[in-house]
Amino acid sequence: MEHGYPSRVPFHELYNMYKSYLPPELAKLDPRFFCEALLHSLKLNQKDFKFGITRVFFKSGKFAEFDRIMKSDPENLRKLVANVKKRLLKSRWSKLQFCALSVIKLKNKIIYRQQHLIVLVKTVRMYNTSRRNSTSHAFAVL
């Protein structure tokens, strides 16, 4: 409330309010993930709401606006569901890209370390060999 977000709604309550309007593939989603996709697909101003750990916080009057949008005609709701699906697809695509880049980065790190490990082993073997040869040569002179 101190930061100007007096209205707050737990994720599961928002999810349960609109669950009956959703197609089966969206009804299976985690409440937090659903709320994030829903609010981003509504194209509300990012300054009008914030996500907490268990709740969504709205600026004063914005929750009523959000509720009005959600309870509007069925055609608008279909468009909204299509936008949520699009948002989910984009989100999954970006996660997939991040995972692929992480795997490539890990592969390159393994190759880099493997190459440097070979250099390290060569150096240690060379040092041990030269040390053995120099001490055996010193005893041969005596």
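**Figure 1. The whole chain, from end to end.** Contact here means heavy atoms within 4.5 Å. Going by that cut-off, 63% of the contacts in the protein between residues at least 6 apart in sequence join residues at least 24 apart. What you're looking at is a predicted model, where local features need pLDDT of at least 70 and side-chain atom pairs count only at pLDDT 80 or more, while totals for chains, interfaces and linings use all residues. Residues are numbered from 1 along each chain as its sequence is written, and side-chain values use heavy atoms, with hydrogens and water left out. The protein has five helices and three strands, and from the N terminus on its elements run β-α-α-α-β-β-α-α. Helices (H or I, at least four residues) and strands (E, at least two) are DSSP runs, numbered from the N terminus. Of the 142 residues of the protein, 23% count as buried, where buried means under 20% relative accessible area, exposed over 50%, and partly exposed in between (1.4 Å probe, protein chains only).

**Figure 2. Three strands make an open sheet in the order S1-S3-S2.** The pairing is antiparallel throughout, and two strands pair if DSSP finds at least two bridges between them. At the edges sit strand S1 (7-10) and strand S2 (49-51), each pairing on one side only. Neighbouring strands of the sheet are turned by 20° against each other on average, ignoring direction. Axes are lines fitted to C-alpha atoms, for helices over the stretch in contact, with angles from 0 to 180 degrees between N-to-C directions. In general, the strands of a sheet pair through backbone hydrogen bonds.

**Figure 3. Up close, strand S3 has a partner on either side.** S3 covers residues 55-58, and four bridges join this strand to S1. Three bridges join S3 to S2, and a hairpin of three residues leads from S2 into S3. Look for Val56 in S3: Val9 stands opposite this residue, and Phe51 has Val56 as its bridge partner too. Val56 and Phe58 make up the covered face of S3, with Arg55 and Phe57 on the uncovered one.

Figure 4. The buried residues in H3 are Phe34, Cys35, Ala37, Leu38, Leu39 and Ser41. After H3 comes Lys43, whose phi is positive, near 60°.

**Figure 5. Glu36 and Arg32 form the structure's one salt bridge.** Their side chains meet at 3.0 Å, N to O. A salt bridge is a side-chain nitrogen of Lys or Arg within 4 Å of a carboxyl oxygen of Asp or Glu. Glu36 and Arg32 are separated by about one helical turn because they are four residues apart in helix H3. Glu36 is partly exposed, with a relative accessible area of 23%, and Arg32 is partly exposed at 31%.

**Figure 6. The largest nonpolar core has 25 residues.** Phe34, Leu39, Val56 and Phe66 have the most contacts inside this core. Elements giving two or more residues to the core are H1, helix H2 (24-27), H3, S3 and helix H5 (74-141). A nonpolar core is a set of buried Ala, Val, Leu, Ile, Met, Phe, Trp, Tyr and Cys residues joined through side-chain atoms within 4.5 Å. Which residues is Phe66 in contact with, leaving aside its neighbours within four places in sequence? They are Leu14, Tyr18, Leu38, Leu39, Leu42, Leu44 and Phe58.
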